[in-house]
There are 2 protein chains.
Amino acid sequence: MTTITSISLKEHFAILKHLVRWTLFVVPIALIIGSIVALFLWLLTTAIHFRFEHKWILFLLPLAGLLIHFIYQYFGKSSEKGNNLIMEEIHQEGAGVPIRMTPIILITTVVTHLFGGSAGREGTAVQIGGSIAALFGRWFKLKGMDMRMILTAGVAAGFGAVFGTPVTGAIFAMEVLTIGRIQYDALIPALIGAVVGDMTVGAWHVSHMHYYIGALPDSPYLLSNIIRPDLLLMGKVIIASAVFGLASFLFAGMVNEIKTICLNVFKFKWMIPVFGGLVIIGLTILMGKPDYLSLGVDAEYPGSITLSSAFQAGGSDTWSWLWKTIYTSITLGTGFKGGEVTPLFYIGATLGNTLSGILHAPVSLFAALGFIAVFAGATNTPLACTFMGVELFGGQHALLFAIACFTAYIFSGHSGIYSSQRIAVPKV
Amino acid sequence: MTTITSISLKEHFAILKHLVRWTLFVVPIALIIGSIVALFLWLLTTAIHFRFEHKWILFLLPLAGLLIHFIYQYFGKSSEKGNNLIMEEIHQEGAGVPIRMTPIILITTVVTHLFGGSAGREGTAVQIGGSIAALFGRWFKLKGMDMRMILTAGVAAGFGAVFGTPVTGAIFAMEVLTIGRIQYDALIPALIGAVVGDMTVGAWHVSHMHYYIGALPDSPYLLSNIIRPDLLLMGKVIIASAVFGLASFLFAGMVNEIKTICLNVFKFKWMIPVFGGLVIIGLTILMGKPDYLSLGVDAEYPGSITLSSAFQAGGSDTWSWLWKTIYTSITLGTGFKGGEVTPLFYIGATLGNTLSGILHAPVSLFAALGFIAVFAGATNTPLACTFMGVELFGGQHALLFAIACFTAYIFSGHSGIYSSQRIAVPKV
């Protein structure tokens, strides 16, 4: 008994030391990451609203692409690899994540959105998180596992901060590294990072959009006297989620395909973003509306299709999800910068809206399920996305969130938007 | 593009086949597991209420222990290893899980509760799930990975059914196998199993206890103008959760310690349960009340300390958690049968009640946090328990659930109630 007690004391002392050490490491880093993410979110909103007021700015998109191209060519170095570089460094320590990644990705993302490119935010936040964490890691002289843990905490802080979802941020940072496995090496640092990052954004009074799932209609069917959950609804959720998974698959495939094709077709690399910008302009003229430019969160005009409008009946067109897929894969596939996740939310929510019509299902519920499930399929992070459902929409539909994310995860195949993701356990 | 499409078609066909195949395998199994678990829950409630009406039955506890001992000696064979046998079979296929495990654990658990032993339910449900799944696995001639997947689905079905928490059941079955890692081998089978298992219990009109977290008081403090989340409350949650983790550690340690001591002290093994029964009787006479016998879910008399009463101020005594730890570790450590999880809920909720008084914190919130966190620490399943918080208490406090479960997980050390759990990633 004495031996057990002394072993336990030793173990618990080590645990306490671990907690204190990582709190001291991660809190200052997450405060800085959260602050930069808050600045980024503010700049992004400002840039997008500037374009709303000055519509002609879209015509400069090809020039903006050129600018981004040369910024990366002259200053970018390894930072061009973006999220993948951070994931590779967490898998195995290499040359490190350069601090230049933070200003470069922040500026180029804001430029992309200012001139109307269709992209997201999470890639930018993750890169800010990873490169700030790497800088501090070098200052603290961290090596090996410690360096990988602080990088994970940085990713969690960036993700938690940019979407206002701390638990999701922590789980995402651990889950995104490998397909089919979560390891808890960085459990506590990731949670501290995500919580402090999110709080910091709040402290800067930068707020996030809120979404609501309306009450579900009480629609009795054959078995409802026997079985409490609505089996019919569950069946519809499974069918829709298989489609969500295929949409993830399409998205990831298209971004990669466009990159490959452009590299083969164009003699000079700088031509690619110019071409991309011209296509986006052409598409927008063709469609006659700017709904698929930028983030898709704020409404440019009353009645425009946004993430929020997709939660209401008639709030999106039948093919909105496909248009957003095309716009975003062209934007990101031709060298513009930003994340993929907000477009994935948009694709999912609008596809959910469309499917709710076909399947006679509640529209806000299906928009919410698409929102998280297309993301789950494209990033291969079903648990983080199930949790995102809870953090964004509340816990009432947790079971449907899990069904949607797990199903989409299985149906999206082994591709995904992060090429540095490793496969730990194949899906089938 | 043609190659990609054909690869994709092939991959997606394999995915569809996987889904259909596992649905066909798992649905009938989960229907049976759910039905047996419903029967088990009904028998358990009946047995406990029988003891409420016939208090003298407690004095037969030593005889009941003797009966259980001889049942396992003459009929038990490998099934005595219980949950650990199932976990070992999932890790690596061995001699298999015998079907006799189902009737034996069901009967011995009901006997334990009928005569007043302090134990839980999840172990029984998991063993019912595992052994039914194993039987079907042999009928379907499953081998290797397939057999391990169906066992996992069986565990998920048992767990999801017994607590009415399907998502938690699915995650628990994957998370419990190794400390520090979840692998998604059985993601879809586990979810199908847990959902169908839970639905089946509902279809038999067996319901679960509901718990509520009251509204938190709005208590402004120094930083509340700047930082949205209540930092003071969060600090209290972290302190309490470290204590919850230590309570898990104490519980796991005591069960093992009592087993070891008894094996050394008693010349004949049948003496151990007789001794255990006598100690429980002695303790109950000493305390003058029967509150720590059986599950602790239903109230034996108005004002008795139960899981529900712990959610109210004054609903538990200062040391209730310690008494329940002692009662349960003696019951399970001397050979009585049942699970550990409901006692862990009880220990956590009453400890949360006590700590809420010391820390001036909301009582129902801290009871809820203890409920899931002591369980997280003792089983090393922080993600499943965070999700259990959401499924039982709603999503509003998801962040605090995660903080509580992750912290308790870290503080409980590497021990735990399942000796066959492997360590994938050490905690510190």
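Reader: Is A:Ser316 buried or exposed?
Author: This is a predicted model, and in it A:Ser316 counts as buried because its relative accessibility is 9%, under the 20% cut-off.

Reader: Where does A:Ser316 lie in chain A?
Author: A:Ser316 lies in a loop of chain A, between α10 (271-287) and α11 (320-333).

Reader: And which residues is A:Ser316 in contact with, leaving aside neighbours within four places in sequence?
Author: A:Ile305, A:Thr350, A:Asn353 and A:Thr354.

Reader: Switching to the interface. How many residues of chain A are in contact with chain B?
Author: 60 residues of chain A, against 60 residues of chain B. The two chains bury about 5200 Å² between them, with 76% of that on carbon and sulfur atoms.

Reader: Which three residues supply more of chain A's buried area than any other three?
Author: A:Tyr184, A:Met199 and A:Phe406, which supply 13% of what chain A buries against chain B.

Reader: How many salt bridges across it, then, and how many residue pairs in polar contact?
Author: The rule finds zero salt bridges between chain A and chain B. For polar contact, it finds 11 residue pairs, both residues at pLDDT 80 or more.

Reader: Which elements of chain A give two or more residues to that side?
Author: Among them are α1 (2-53), α8 (187-203), α9 (231-265) and β2 (181-183). By type, the residues on the side of chain A that touches chain B are 38 nonpolar, 14 polar and eight charged.

Reader: What does β2(A) join to in chain B?
Author: Strand β2 (residues 181-183) of chain B, through three bridges, and the two run antiparallel. A:Gln183 stands opposite B:Arg181 there.

Note on methods:
Residues are numbered from 1 along each chain as its sequence is written. Chains are lettered from A and ligands numbered from 1 in the order in which they are written. This is a predicted model: local features need pLDDT of at least 70, side-chain atom pairs count only at pLDDT 80 or more; totals for chains, interfaces and linings use all residues. Side-chain values use heavy atoms; hydrogens and water are left out. Helices (H or I, at least four residues) and strands (E, at least two) are DSSP runs, numbered from the N terminus. Buried means under 20% relative accessible area, exposed over 50%, partly exposed in between (1.4 Å probe, protein chains only). Contact means heavy atoms within 4.5 Å. Buried area is the accessible area (1.4 Å probe) that two parts lose on being put together, summed over both. A salt bridge is a side-chain nitrogen of Lys or Arg within 4 Å of a carboxyl oxygen of Asp or Glu. A polar contact is a pair of N or O atoms within 3.5 Å; within protein, one must be able to donate a hydrogen and the other to accept it, and residues adjacent in sequence count only if both atoms are side-chain atoms. Ala, Val, Leu, Ile, Met, Phe, Trp, Tyr, Cys and Pro count as nonpolar, Asp, Glu, Lys and Arg as charged, and the others, Gly among them, as polar. Two strands pair if DSSP finds at least two bridges between them.
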